[in-house]
Structure formats: structure tokens, C-alpha cells
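Me: Hi! I'm new to this one, could you walk me through it? Let's begin with how the helices pack.
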Amino acid sequence: MGKFSKGTYYFNPEEFDLQSTIDENLALVEVQAARKKIRIESDCKDQCLVYGDMRMIQTVLRNLISNAIKFTSPGGEIFVFVKKSDNQYQISVKDNGVGIIPENIPKLFTVGSNYSTSGTSHEKGTGLGLILCREFVEKHGGKIWVESEAGKGSVFSFTLPLITDYEFLK
């Protein structure tokens, strides 16, 4: 299991089920979503075995889902979906929230930009969560990005290589 030491998180990959991890994270934000009457669904119904640091991936999922709740108006919807391709899983969190104007998108994953906005119910943020997500995803050899349209919502996605592509981690 990974541990913190002097501000550093040790990378400790293991095989784990992505579907269970998504379900666990959805359960953790259930109250937060219920307060805003936001419906959350996941299309990941089958076991998806991945090899990575489960705590890092849990942090990424929790951050993306919490942000989706934060920036979705009461009564909105959030969908978590997983798509498998030849060499990776793509995990996406889609909301029908406030969206992001194009000039702010590059600031989201950039250290030093100090970009943060209040949520639809005036929730506060630090602007550091997505930077941490980027670092954790890149540690797994994946990529993270966002597609968004102001007033229509956002889709935050990241990739994890399939278990057979994790040889470089060992």
C-alpha cells in the first residue's frame, strides 16, 4: 500500500477492479450529490481489472466526481463511463453543469496558475485537485483532458493502459 513520506506519495501498483473502485467512490459522494438533487450513474457494470496504484486512481475519480457535483446545478446529472480500446481504458466523468470557457481550460492542469472558481452552490476549491490528478494519471502512463462548453457542461477523461501494457512499471 502506498504511503506518504515528507510530502511524497510512493507509487505502489497492484491489480484491482476499476468497476468496484468507481462504485466505492460514487458511494462516498452520494450525500454530496443528494444535497443538490444530482443524479449520478455509471455504465461500468463489468469487472475491469487494471494494474496501478489504487489509492491514486481513487483520488483521481473522487476529485473528478466531486468537481462535477460542485459545478452542476441542483437537479443536474452526472455520468461516469468506461470505454476499453485496444491498449487502454478511458474513464470519463460527464456533467451537464456550468462548463468552462475555452481560455480557462489550459489553466486547469497547470501548476502556478492558481485557477479556482466557486461551485454552483458557492462551494470553494483550491485549484490544486486537477494538478494532482494530472500527476497521478501521468504516473500511470496515462493522459487526462477535458472537453467543455460554457453553459452546457464538461467531460473530464483520463486513460489507464491495459494490464498488459504495464511492463514499464515493474
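Reply: Happy to! First a definition: axes are lines fitted to C-alpha atoms, for helices over the stretch in contact, and angles run from 0 to 180 degrees between N-to-C directions. Helices (H or I, at least four residues) and strands (E, at least two) are DSSP runs, numbered from the N terminus. This is a predicted model, where local features need pLDDT of at least 70 and side-chain atom pairs count only at pLDDT 80 or more, while totals for chains, interfaces and linings use all residues. Residues are numbered from 1 along each chain as its sequence is written, and side-chain values use heavy atoms, with hydrogens and water left out.

Me: Thanks! At roughly what angle do α3 and α4 cross?
Reply: The axes of α3 (residues 54-70) and α4 cross at roughly 145° and come within 9 Å.

Me: Which residues make that contact?
Reply: Contact means heavy atoms within 4.5 Å. From α3 the list includes Met56, Val60 and Leu64, and from α4 it includes Leu130, Phe136 and Val137.

Me: And how many of the contact residues are nonpolar, polar or charged?
Reply: The contact of α3 with α4 has 8 nonpolar, 4 polar and 1 charged. Here Ala, Val, Leu, Ile, Met, Phe, Trp, Tyr, Cys and Pro count as nonpolar, Asp, Glu, Lys and Arg as charged, and the others, Gly among them, as polar.

Me: New topic. How many salt bridges are there?
Reply: The count comes to 4 salt bridges, each being a side-chain nitrogen of Lys or Arg within 4 Å of a carboxyl oxygen of Asp or Glu.

Me: What about Glu149 and Lys152?
Reply: Their side chains meet in a salt bridge too, at 3.8 Å, N to O. Glu149 is partly exposed at 45%, whereas Lys152 is exposed at 56%.

Technical notes. Buried means under 20% relative accessible area, exposed over 50%, partly exposed in between (1.4 Å probe, protein chains only).
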